[in-house]
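Here's a quick tour of how this fold is put together. Have the sequence and the model open while you read.

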Amino acid sequence: MMVLITYDVSVTTDFGKKRLRQVAKQCQNFGQRVQNSVFECLVDPTQFTELKHRLEGIVDPETDSLRYYFLGANWKRRVEHYGVKETYDPEGILIVDANL
């Protein structure tokens, strides 16, 4: 299933900046950043449960917020892109350059 995860982490303190980095790192482990605080994560229910548990263990619910948007299995028909950043298909072909 495709889950869109958005977050807003207060960075008024050094600890807040650390939380922001930790949230982004966890999201990167499960998906692709599509905007500054927005990730598309193609996960199964078990992976989503793990990611949600990790994220909610990082954020401070008094100052931060997380939002989960469930786009489901037919997510490609629900996502439309316009603008400068190239879109990507997490289910598409992956090309690896052996020279790197």
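A nonpolar core here is a set of buried Ala, Val, Leu, Ile, Met, Phe, Trp, Tyr and Cys residues joined through side-chain atoms within 4.5 Å, where buried means under 20% relative accessible area with a 1.4 Å probe, protein chains only. This is a predicted model, with local features needing pLDDT of at least 70, side-chain atom pairs counting only at pLDDT 80 or more, and totals for chains, interfaces and linings using all residues. Residues are numbered from 1 along each chain as its sequence is written, and side-chain values use heavy atoms, leaving out hydrogens and water.

The largest such core has 18 residues, and Val23 and Leu55 are among those with the most contacts inside it. Strand S1 (2–8), helix H1 (14–30), strand S3 (38–42), helix H2 (45–58) and strand S4 (65–72) each give two or more residues to this core; helices (H or I, at least four residues) and strands (E, at least two) are DSSP runs, numbered from the N terminus.

Now the helices: the axes of H1 and H2 (lines fitted to C-alpha atoms over the stretch in contact, angles from 0 to 180 degrees between N-to-C directions) come within 9 Å and cross at roughly 175°. So H1 is roughly antiparallel to H2 (over 145 degrees).

As for the strands, S3 is mostly covered, with 4 of its 5 residues buried. Its pairings (at least two DSSP bridges) look like this:

| Strands | Sense | Bridges |
|---|---|---|
| S1 and S3 | antiparallel | 5 bridges |
| S2 and S3 | antiparallel | 3 bridges |

Val3 has Cys41 of S3 as its bridge partner, while Gln32 stands opposite Glu40 in S3.

Key: Buried means under 20% relative accessible area, exposed over 50%, partly exposed in between (1.4 Å probe, protein chains only). Angles under 35 degrees count as roughly parallel, over 145 as roughly antiparallel, 65 to 115 as roughly perpendicular and the rest as oblique.
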